[in-house]
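Please keep the sequence and the structure in view while reading.

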Amino acid sequence: MMGIAIDILWAAIIIVQFIIGNIANGFIALVNIIDWVKRRKISLMDKIITALAISRIYLLWSTFLITLTSSLDPDIKMAVKIIRISNNTWIIANHFSIWLATCLSIFYFLKIANFSNYIFLYLRWRFKKVVSVTLLISLIFLLLNILLMNMHIDIWSDKSKRNLSFSVRSNNCTQFPRLVLLINTMFTSIPFTVSLLAFLLLIFSLWRHLKTMQYYAKGSEDTTTAAHIKALHMVVAFLLFYTVFFLSLAIQYWTSGSQEKNNLFYATIVITFPSVHSCILILRNSQLRQASLLVLWWLLCKSKDVRMLVP
C-alpha cells in the first residue's frame, strides 16, 4: 500500500513538472521566435536558448512517453523494438539538451571572462565559430553513443533469441540496464566536464578581477563584477541540476536489479532538469523576464474581467 502511494506521488510530480516544463520552454521558444521575426535578427545567445528550449520540449515528451511505455510488459520481440526506439529517441533528445546548455556556458565564459592569454583572446574573437565547432564535435559523440547503444541492444537481442528461458523480467536482464546507464553516463560526462571547466575559469577570472579592483575606489560602479556574478549564477544552476542528474544515474545504476521501483524516481529527476532550469533561464534573462511579467499581467486582467462578468 505504501509503495502504491509513493508511485502515485512520483507520478503526480512527473505530470506537474511535465506541464511546467512544456509551458516554460514553449514560452522561451515563442518569445525569441516572435522577437526574431519582428527584428529580423537574433543574437547568438538567443539562438542557443531557443534551440535549447525546443530540444528540452523534445526531451520532456520522450521521457514522458518512455515512462508510460515502460509500465507495459510486451513479449521479448516487441520489447527489443521498444527498447531500441526509446533509447535512440532519448539519447538524441538528451544529447542536444545537454550540449546546447554547455554551449551556453561556453558563451558566458568567452564573453565575460577576462584573460590576456593569446589562445583565450583568439577564441573570444571567434566565439561564434567556437560554439559551432563545439556542436559539430558533439555530433561525433552522438553518433558514437547511438552506435554503441545499438550494438549493445543487438548483442542483448541475440542472447535472448538463443536462450529460451530468457525473459524481460529475469535476472539475465540485470546487466542490460546497467550497461545502458554506463554508456549514457560516459557520454553525458563529457559536456559536464566542459561546463565545469568553464565554471572554474569564470571563478578564477572573477577572483583576478576583484583583486585588481582593490586598487580602485570602493564606491565606483563595477559592471564587470556584476556580469561575472550573473554568468556564474547561470552556470551554477546548470551544474547543480546536472549533478543531481548524475546522482540519479548512479542510483539507477546500483539499483538496476530493481529497475521498476526506481523508474518513476529516475523519470522525475530527468524531467526536473529541463523544467526547473528553463524557469531559471526565464528569471535570469531580462527580455524573457519582462515578457513573462507582461503575460502574467494580461492573465490577471483577464481573470478580473471574467469575475466582473460573473453575477
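The structure, which is a predicted model, holds zero disulfides. Cys-103 is buried, because its relative accessibility of 1% is under the cut-off of 20%. Cys-279 has a relative accessibility of 26% and therefore counts as partly exposed.

The overall architecture can be described next. The protein chain comprises nine helices and zero strands, and along the sequence it reads α-α-α-α-α-α-α-α-α. The chain has 311 residues, of which 42% count as buried. Among the contacts with a separation of 6 or more, 81% are made by residues 24 or more positions apart.

Helix H3, which spans residues 76–112, contains Thr-102. How accessible is Thr-102, and does it count as buried or exposed? With a relative accessible area of 0%, Thr-102 lies under the 20% cut-off and so is buried. A polar atom of the Thr-102 side chain lies 2.9 Å from the backbone oxygen of Ile-98. When neighbours within four places in sequence are left aside, the contacts of Thr-102 are with Pro-191, Val-194, Ser-195 and Phe-238.

Attention now turns to helix H2, where Leu-60 has its place. Leu-60 also has a relative accessible area of 0% and therefore counts as buried. Which residues does Leu-60 touch, not counting those up to four places away in sequence? They are Phe-18, Gly-21, Asn-22, Asn-25, Ile-271, Pro-274 and Ser-275. One of these, Asn-22, is 38 residues from Leu-60 along the chain, and the C-alpha atoms of Leu-60 and Asn-22 are separated by 7.4 Å.

The aromatic residues give a further view of the packing. A pair of aromatic rings is described by the distance of the centres and the angle of the planes. The count of aromatic pairs in the model comes to nine. One of them joins Phe-18 and Trp-61 in an edge-to-face arrangement, with 4.8 Å centre to centre and 80° between the planes. This pair links distant parts of the chain, since Phe-18 belongs to helix H1 (residues 2–39) and Trp-61 to helix H2 (residues 44–69), 43 residues apart. Phe-18, at 10% relative accessibility, falls under 20% and is therefore buried. Trp-61 has a relative accessible area of 41%, which lies between the cut-offs of 20% and 50%, so Trp-61 is partly exposed.

Phe-18 also forms an aromatic pair with Phe-64, and this pair is stacked, with 4.3 Å centre to centre and 20° between the planes. Here too distant parts of the chain are linked: Phe-18 is in helix H1 and Phe-64 in helix H2, 46 residues apart. Both Phe-18 and Phe-64 are buried. Elsewhere, Phe-109, Phe-115, Phe-120 and Phe-204 form one aromatic cluster.

The largest cavity has a volume of about 110 Å³. It is lined by 13 residues, and the closest to its centre are Asn-94, His-95, Asn-145, Phe-187 and Thr-188. The elements that give two or more residues to this lining are H3, helix H5 (127–162) and helix H6 (175–213). H3 gives the most to the lining of the largest cavity, with six residues. Thr-102, discussed above, also lies in helix H3.

Two or more residues of the lining come from each of H1, helix H8 (259–284) and helix H9 (286–309). Which element gives the largest share of this lining? H9 does, with six residues.

Notes: Residues are numbered from 1 along each chain as its sequence is written. This is a predicted model: local features need pLDDT of at least 70, side-chain atom pairs count only at pLDDT 80 or more; totals for chains, interfaces and linings use all residues. Side-chain values use heavy atoms; hydrogens and water are left out. Helices (H or I, at least four residues) and strands (E, at least two) are DSSP runs, numbered from the N terminus. Buried means under 20% relative accessible area, exposed over 50%, partly exposed in between (1.4 Å probe, protein chains only). A polar contact is a pair of N or O atoms within 3.5 Å; within protein, one must be able to donate a hydrogen and the other to accept it, and residues adjacent in sequence count only if both atoms are side-chain atoms. Contact means heavy atoms within 4.5 Å. A disulfide is a pair of cysteine sulfur atoms within 2.5 Å. Rings of Phe, Tyr and Trp (its six-membered ring) pair if their centres lie within 6.5 Å; planes under 30 degrees apart count as stacked, over 60 as edge-to-face and the rest as tilted. On a 1 Å grid over the protein atoms alone, a cavity is a set of points where a 1.4 Å probe fits but cannot get out, and a pocket is an open set with protein on both sides within 12 Å along at least five of seven lines; lining residues have an atom within 4 Å of a point. Grid points are joined across faces, edges and corners, and a volume is the space filled by probe spheres set on the points.
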